[in-house]
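Dear colleague,

Please look at it before reading the notes below.

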Amino acid sequence: QVQLVESGGGLVQPGGSLRLSCAASGSIFSINAMGWYRRAPGKERELVATFTSGGTTNYADSVKGRFTISRDNAKNIYLQMNSLKPEDTAVYYCRGILRGQIYWGQGTQVTVSS
């Protein structure tokens with residue numbers, strides 16, 4: 001079993017920054033393809049940034065140059081979000097894959113507004 005818990009969301013003004021964290025626990029030794037997705041109001045969930053199984057990173061075009069995904073040795077992952085825009089407003093979800101099963105966190109709300 002895998003548990004993913006996101007934190008760090010909140011309200012920020014346009015141009016501001018936030019850092020999201022995803023704490024992974026449980027049977028996570030072999031978990032891979034961890035990453036961040038988001039769902040904006042009225043839209044489908046979309047990829048934001050992920051690690052591939054080969055360890056490289058993949059970003060949505062809309063966040064390239066502004067967001068940075070990182071991880072630590074404990075399998076936790078982070079998302080540094082800079083130069084935030086109102087269109088970044090969404091619920092952000094952490095995801096991981098273990099033995100073909102996809103696990104999601106509960107999500108954390110990010111609102112970018114003046």
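The notes below go from the overall fold to the aromatic residues and then to one strand and its partners.

Please bear in mind throughout that this is a predicted model.

Overall fold

The protein chain contains eleven strands and zero helices, so that its pattern along the sequence reads β-β-β-β-β-β-β-β-β-β-β. Its radius of gyration is 13 Å, close to the 13 Å that the globule rule gives for 114 residues, and the chain is therefore as compact as a globular protein of that length. The C-alpha trace spans about 40 × 25 × 25 Å along its principal axes. Of the 114 residues, 45% are buried. The accessible surface of the protein chain comes to about 6000 Å², and carbon and sulfur atoms contribute 47% of that surface. Among contacts with a separation of 6 or more, 54% are between residues 24 or more positions apart.

Two aromatic pairs are present in the structure. In one of them, the ring centres of Y37 and W104 are 5.2 Å apart; their planes stand at 80°, which is over the 60 degrees required, so the pair is edge-to-face. This pair links distant parts of the chain, since Y37 belongs to strand 4 (residues 32-39) and W104 to strand 10 (residues 101-104), 67 residues apart. Y37 has a relative accessible area of 13% and is buried, whereas W104, at 33% relative accessibility, counts as partly exposed.

The other pair joins Y93 to W104, with ring centres 6.4 Å apart and planes at 85°, so this pair is edge-to-face as well. Y93 lies in strand 9 (residues 90-98) and W104 in strand 10, so the pair ties together parts that are eleven residues apart in sequence. Y93 counts as buried, at 13% relative accessibility.

Strand 8 and its partners

A charge over a ring is found at Y78 too, where the charged end of R19 sits 4.3 Å from the ring centre. Y78 is the bridge partner, in strand 8, of S21. Strand 8 covers residues 77-81, and four of its five residues are buried.

Which strands pair with strand 8? One is strand 3 (residues 18-26), which pairs with strand 8 in the antiparallel sense over five bridges. Another is strand 7 (residues 67-71), which runs antiparallel to strand 8 and is joined to it by five bridges. On this side, R71 has I77 as its bridge partner in strand 8. Strand 7 and strand 8 form a hairpin with five residues between the strands, in which K75 takes a positive phi near 75°.

With kind regards

Notes
Residues numbered from 1 in each chain as written. Predicted model: local features only at pLDDT ≥ 70, side-chain atom pairs only at ≥ 80, totals over all residues. Heavy atoms only, no water. Phe/Tyr/Trp six-rings, centres within 6.5 Å; stacked < 30°, edge-to-face > 60°. Helix = DSSP H or I, 4+ residues; strand = E, 2+ residues; numbered from the N terminus. Buried < 20%, exposed > 50% of the residue type's maximum accessible area, 1.4 Å probe, protein only. Lys NZ or Arg CZ within 6 Å of the ring centre and 35° of its normal. Pairing = 2+ DSSP bridges. Rg over C-alpha atoms; globule rule 2.2 N^0.38 Å. Contact = heavy atoms within 4.5 Å. Areas by Shrake-Rupley, 256 points an atom, 1.4 Å probe, with all protein chains shown as cover.
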